Structures are given as C-alpha cells and as structure tokens.
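Work through these exercises with the model in view. Try each task before you read its solution.

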Amino acid sequence: MKEIADYQNPIVVDKVEQIIDGKNSTKDKLEAIFNYVRDDIKFGFLKKIDDYRASEIIQIGVGQCNNKSGLFLAMCKAAGIEAQIHFSSIVKKIQRGLFTGFIYKLMPEKISHSWI
C-alpha cells in the first residue's frame with residue numbers, strides 16, 4: 001500500500017512553499033493550505049478512487065474527500081503543522097443527488113469518508 005500523504009515528495013514540498021510564502025503564523029499557513037485544497041483541487045472521483053498519493057492529486061488537480069484529506073495532511077506535515085486524518089463510514093443516502101440512477105443503486109450502503 002502506498003503512502004497517501006507523501007509530504008517529503010518534492011512536488012508537495014514545492015507547492016507548500018509556494019502556497020505559504022510570506023505567511024508567518026501557523027493560522028495563516030493553515031488557511032492558505034485549506035484554501036488551496038478547497039479551491040484549486042476540484043471535487044471529482046478518479047478511476048482508482050482512493051489509491052493516489054498527495055503528489056499525484058496536486059498534478060491531477062481533482063479529488064474527492066479522501067484524496068483531498070490525504071493532500072491536506074501531506075501539505076500540513078510539509079509545512080511543519082501537526083495534523084491527523086480521520087476516517088468514518090457514512091450512509092450512501094448522504095450522496096443522493098450527487099449520484100443517480102443505476103450508479104447510486106450499485107453503491108454500497110456505507111461509504112468511506114475522511115477529514116483532517
């Protein structure tokens with residue numbers, strides 16, 4: 001299994017340095033990282049679902065909650081900010097409307113979800 005939060009990868013380190021440049025406080029750094037993950041990484045589902053490193057998500061520019069959480073964790077670690085990732089199961093009806101028709105019917109009753 002690959003490490004999703006590859007915070008020492010040069011792609012992650014370079015992006016974090018760019019994002020937090022000029023930010024002095026932990027709060028300002030964290031806000032800049034949060035805004036990048038929220039705004040610059042578009043929400044979407046990828047072929048291999050969760051099997052992507054943070055460095056890959058930066059390059060692809062798309063991810064769902066688990067991809068974005070892995071990226072957020074890696075970027076925090078690269079910036080020297082302590083963070084933890086948390087996983088839970090959510091019921092699929094939360095995603096009703098996002099998924100429709102036969103795709104929704106094929107989804108498992110519980111879906112993995114994560115946050116930092």
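**Exercise 1: The pocket**

Task: Sort the residues that line the largest pocket into nonpolar, polar and charged.

Solution. The lining of the largest pocket divides into eight nonpolar, five polar and one charged residue. Here Ala, Val, Leu, Ile, Met, Phe, Trp, Tyr, Cys and Pro count as nonpolar, Asp, Glu, Lys and Arg as charged, and the others, Gly among them, as polar. On a 1 Å grid over the protein atoms alone, a pocket is an open set of points where a 1.4 Å probe fits, with protein on both sides within 12 Å along at least five of seven lines; lining residues have an atom within 4 Å of a point.

Next, take the centre. The lining has 14 residues, and Phe45, Ile49, Gln64, Ile111 and Ser112 lie nearest the centre of the pocket. The elements that give two or more residues to this lining are α4 and β4 (110-115). β4 gives the most, with three residues.

Last, the volume. It is about 280 Å³. Volume means the space filled by probe spheres set on the points, with grid points joined across faces, edges and corners.

A note on the model: it is predicted, so local features need pLDDT of at least 70 and side-chain atom pairs count only at pLDDT 80 or more, while totals for chains, interfaces and linings use all residues. Residues are numbered from 1 along each chain as its sequence is written, and side-chain values use heavy atoms, with hydrogens and water left out.

**Exercise 2: The order of elements**

Task: How many helices and strands does the protein have?

Solution. There are five helices and four strands. Both are DSSP runs, numbered from the N terminus: helices are H or I with at least four residues, strands are E with at least two. From the N terminus on, the order is α-α-β-α-β-α-β-α-β.

**Exercise 3: α2 against α4**

Task: At what angle do the axes of α2 and α4 cross?

Solution. Helix α2 (residues 26-40) and helix α4 (residues 65-78) have axes that come within 10 Å and cross at roughly 155°. Axes are lines fitted to C-alpha atoms, for helices over the stretch in contact, and angles run from 0 to 180 degrees between N-to-C directions. The two helices are therefore roughly antiparallel, a label for angles over 145 degrees.

Now find the contact (heavy atoms within 4.5 Å). From α2 come Leu30, Ile33, Phe34, Tyr36, Val37 and Arg38, and from α4 Lys68, Leu71, Phe72, Met75 and Cys76. Nine are nonpolar, none polar and two charged.

**Exercise 4: α1 against α4**

Task: Which residues of α1 and α4 meet?

Solution. Start with the angle: α1 and α4 pack at about 75°, with their axes 9 Å apart. They are therefore roughly perpendicular, the label for 65 to 115 degrees. Val12, Lys15, Val16 and Ile19 in α1 meet Ala74, Met75 and Ala78 in α4. This contact holds six nonpolar residues, no polar and one charged.

Notes. Angles under 35 degrees count as roughly parallel, over 145 as roughly antiparallel, 65 to 115 as roughly perpendicular and the rest as oblique.
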